[in-house]
Amino acid sequence: MDSIGEQVSISSQLPVTYEPDVVVLGGGASGVAAAVAAARNGASTLLIEQRGYLGGMGTAALVPAFCPYTDGEKPVIRGVGLTLLERMKEAAGEEFYQRNKDKLNWVPIDVETLKWVYDEAVMDSGASLLFHTVADQVLVNGERIEGLVISNKSGRQLVKAKLYIDASGDADLAALAGVPFLTGGEQGELQPATMCFLVTGANRQRFDQYLKETEQSGQLEKAVVEAQRNGDLPEGRKKVSGIAWISDTVAGFNFGHIFGVDGTKAEDLTRAAIEGRRLIQRQLHFLRKYVPGFEQVHLVHSGDQIGIRETRRIVGDYQLVVEDFLSMRTFEDDIARNSYFIDIHLANANSTMTVKHLPKGRSHGVPYRCMLPKGITNLIVAGRAVSSDRPVQGSLRVMPNCFAMGEAAGVAASMAAKAGAGFREVSVPQLQRTLIEQGAWLGEKPGTADTVAALNERIRFDDET
Ligand SMILES: Cc1cc2nc3c(=O)[nH]c(=O)nc-3n(C[C@H](O)[C@H](O)[C@H](O)COP(=O)(O)OP(=O)(O)OC[C@H]3O[C@@H](n4cnc5c(N)ncnc54)[C@H](O)[C@@H]3O)c2cc1C
């Protein structure tokens, strides 16, 4: 954060180009849902995204599928996120639709269709969209953000909003505003990065037959082990995390790891992009040589950026911890439910994955307070950077959850804008009611908190007694 003197000089020099009620930084799953929810609930909303399209990791990094929307028995993630999933299925062509219409778990991503679906959803909601724009500075006055400095082809400008939603995945806005944050594990370890890719020229039938004959689960473990033994693939995880069939000939891969990548450092992102593309060449050789059905494949696209699973986690009013996950806790201020497993990829080639599932049909609550960053009143964080410990981040981080958190952040922002208040003054029961009315699912019996300010006060009082 800059000194007050520097901030005053910045604000007087830069043109103020936008003054919306709500600004959303980042157009990934959480940012799209946040912008749609804020705008359709009456707030003038500006969504800022550094790329020329929406979708974040799901499009820019070619993550090949949506994680489950269900707890194994029923949809847990509904609302905006579920609508967007269904729209993508419908828009991706008859074959894709027929194959996926009844699926809510691991639905493959048709990336170009998804970009378009997101554009349309944001435009239909009435939000404004600004692509090719990076936010790089925040003006703070006490506990309030007064402005966001953005940079694009038109130059540097100032955006002055009433409320700010950080959906950057990396908590960029929060970090620029001086919000404290945590990163990775106790030794600074981070989940690895992955350069996902799309191939064409595959033969799904032949591949399925091969899986059947070799009794493999779809993870290609045997072929990977053999290729590693022959030096055709690097050591590390034995499984392909995900093969998603977009059609009978086109498949998306989430395969292999690049270690030691801090996604908030440009140098690390650069090295990882180069290493990721190098690794894909070895993986293509592996697929053509070892995997029936992939002998003729061509690479059509690799991620515009390396896929990043983990960077900053803000310090918020509540930190969601692994005990909450395991005990399937419900909170008074739940704004979503999560049933996805703890899915922490290995931090180096010799360590192991951490995986922990909840029982079928069960979930835990995601409290509103874990989106509220310490020290700032008009900022909320949605998506993979919310306040949690590392194991819970390994579960919360997936796209369906990001949609749900984003939607709650957007509705809360619209309510705060109407009331001329900060995020902690939002009536939580009203927020929960609106979310439910608009299609979200908050469990069988959502809590009944008052406002977060009142809840925080009561918890502080309880702690003292
Ligand atoms: C390799 C890999 C595999 C995964 N597999 C799955 C899977 O199978 N299914 C699943 O559901 N999830 C999966 N995930 C997790 C999931 O994709 C991400 O955690 C999720 O997309 C996070 O959403 P988000 O909205 O928080 O952030 P992101 O998707 O990262 O979106 C953030 C957006 O903000 C923009 N942005 C960031 N900083 C700035 C800035 N300063 N100025 C302007 N714009 C900015 C970015 O360009 C981006 O568009 C995977 C992730 C990875 C990396």
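**Reading the model**

Mentor: The side chains of Gln 305 and Arg 51 form a polar contact of 2.5 Å. A polar contact is a pair of N or O atoms within 3.5 Å; within protein, one must be able to donate a hydrogen and the other to accept it, and residues adjacent in sequence count only if both atoms are side-chain atoms. This is a predicted model, in which local features need pLDDT of at least 70 and side-chain atom pairs count only at pLDDT 80 or more, while totals for chains, interfaces and linings use all residues. Residues are numbered from 1 along each chain as its sequence is written, and side-chain values use heavy atoms, with hydrogens and water left out.

Trainee: Where is Gln 305 found, and is Gln 305 buried or exposed?

Mentor: Buried means under 20% relative accessible area, exposed over 50%, and partly exposed in between (1.4 Å probe, protein chains only). Gln 305 is in the loop between strand 15 (298–302) and strand 16 (312–314); helices (H or I, at least four residues) and strands (E, at least two) are DSSP runs, numbered from the N terminus. Its relative accessible area is 18%, so Gln 305 is buried. Contact means heavy atoms within 4.5 Å. Not counting residues up to four places away in sequence, Gln 305 touches Arg 51, Met 57, Ala 60, Ala 61 and Met 195.

Trainee: How should I read a positive phi?

Mentor: Most residues other than glycine have a negative phi. Trp 106 has a phi near 55°, a positive value, and sits in the loop between helix 4 (94–100) and strand 5 (107–108). Trp 106 is partly exposed, at 41% relative accessible area. Met 328, also not a glycine, has a positive phi of about 50°. Met 328 lies in the loop between helix 10 (322–326) and strand 17 (334–338) and counts as buried at 17% relative accessibility.

Trainee: What does Ser 363 touch?

Mentor: Leaving aside neighbours within four places in sequence, Ser 363 is in contact with several residues, including Met 328, Arg 337 and Trp 441. Ser 363 counts as buried, at 6% relative accessibility.

Trainee: Which residues touch the most other members of the largest nonpolar core?

Mentor: A nonpolar core is a set of buried Ala, Val, Leu, Ile, Met, Phe, Trp, Tyr and Cys residues joined through side-chain atoms within 4.5 Å. The largest has 82 residues, and Phe 66, Ile 335, Tyr 368, Met 371 and Leu 431 touch the most other members. Helix 12 gives the largest share of this core, 13 residues.
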